[in-house]
Amino acid sequence: MNVLVGILALVALTYAGKKYSDKFKKRREYYESFLSFSRDMMANAEYKKDSVKSVALNEYPSEDFMRTLSSDGLFTGEGAYFPTYIQMSEREFAKNYFLTAGRNVGKAEKDFLAYADEVIKKKYEECKYKDSKYSVLGVKLGFAFGAMIFILVL
């Protein structure tokens, strides 16, 4: 019976560590998709000159980013969906980005998109670093605590 409880604790805590570290993976995927969208917008401003809404119809890997793009109030500034792991300052930047992108012409539009792309790229690099650092750590810590409980129960 003690072995079963120990194994159950080991599995549960390893799973809890994985779920905790998933937020870092989701943030990385969100910003990876946001960076791809930004690059699409830059290419669009340079060549196609489509509306932002038509660029938003493209598919991106992050489900949360796709929910953000498809939310009703994204281009009006009210009621846009943002996941809980996106901080308030990041939400404000994203709202400003979607409200401003596509509204300027020529050099002003390209300058804005280039600036925003650099900001998004820095955030993506930060998220990528944290994901590589903490995603494995969460699983290892969960496993370690589960192993400690397994040993104590025996």
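E126 is partly exposed, with a relative accessible area of 33%, where buried means under 20% relative accessible area, exposed over 50% and partly exposed in between (1.4 Å probe, protein chains only). The model is a predicted one, in which local features need pLDDT of at least 70 and side-chain atom pairs count only at pLDDT 80 or more, while totals for chains, interfaces and linings use all residues. Residues are numbered from 1 along each chain as its sequence is written, and side-chain values use heavy atoms, with hydrogens and water left out.

The side chain of E126 meets that of K123 in a salt bridge, with an N to O distance of 3.6 Å; a salt bridge is defined as a side-chain nitrogen of Lys or Arg within 4 Å of a carboxyl oxygen of Asp or Glu. Both residues lie in helix α5, three residues apart, about one turn of the helix. Helices (H or I, at least four residues) and strands (E, at least two) are DSSP runs, numbered from the N terminus. K123 counts as buried because its relative accessibility is 18%. Through salt bridges that share partners, R27, E90, K123, E126 and K130 are joined into one network.

D22 and K19 both belong to helix α1 and are three residues apart, about one turn of the helix. D22 is buried, at a relative accessible area of 17%, whereas K19 is partly exposed, at 45%. The count of salt bridges comes to 10.

The largest pocket has a volume of about 290 Å³. Pockets were located on a 1 Å grid over the protein atoms alone: a cavity is a set of points where a 1.4 Å probe fits but cannot get out, and a pocket is an open set with protein on both sides within 12 Å along at least five of seven lines, lining residues having an atom within 4 Å of a point. Grid points are joined across faces, edges and corners, and a volume is the space filled by probe spheres set on the points. The largest pocket is lined by 20 residues, of which D50, G102, R103, N104 and E109 lie nearest its centre. Two or more lining residues are given by each of α1 (2-48), α2 (52-55), α4 (88-100) and α5 (106-153). The largest share, four residues, comes from α5. By class, the lining comprises nine nonpolar, five polar and six charged residues, where Ala, Val, Leu, Ile, Met, Phe, Trp, Tyr, Cys and Pro count as nonpolar, Asp, Glu, Lys and Arg as charged, and the others, Gly among them, as polar.

On the surface, V3, I7, V11 and L154 form a nonpolar patch with about 360 Å² of accessible area together. Patches are made of residues with over 30% relative accessible area and no salt bridge, like charges being joined within 9 Å and nonpolar side chains (Val, Leu, Ile, Met, Phe, Trp, Tyr) within 5 Å. Accessible areas come from the Shrake-Rupley method with a 1.4 Å probe; for residues, only the protein chains shown count as cover. V3 is found in helix α1 and, at 43% relative accessibility, counts as partly exposed.

Two loop residues were also examined. K49, in the loop between α1 and α2, counts as exposed at 58% relative accessibility. K49 and V105 are 56 residues apart in sequence, with 9.6 Å between their C-alpha atoms. G73 is placed in the loop between α3 (63-70) and α4 and is buried, with a relative accessible area of 5%. The C-alpha atoms of G73 and K95 are separated by 9.6 Å, the two residues being 22 residues apart along the chain.
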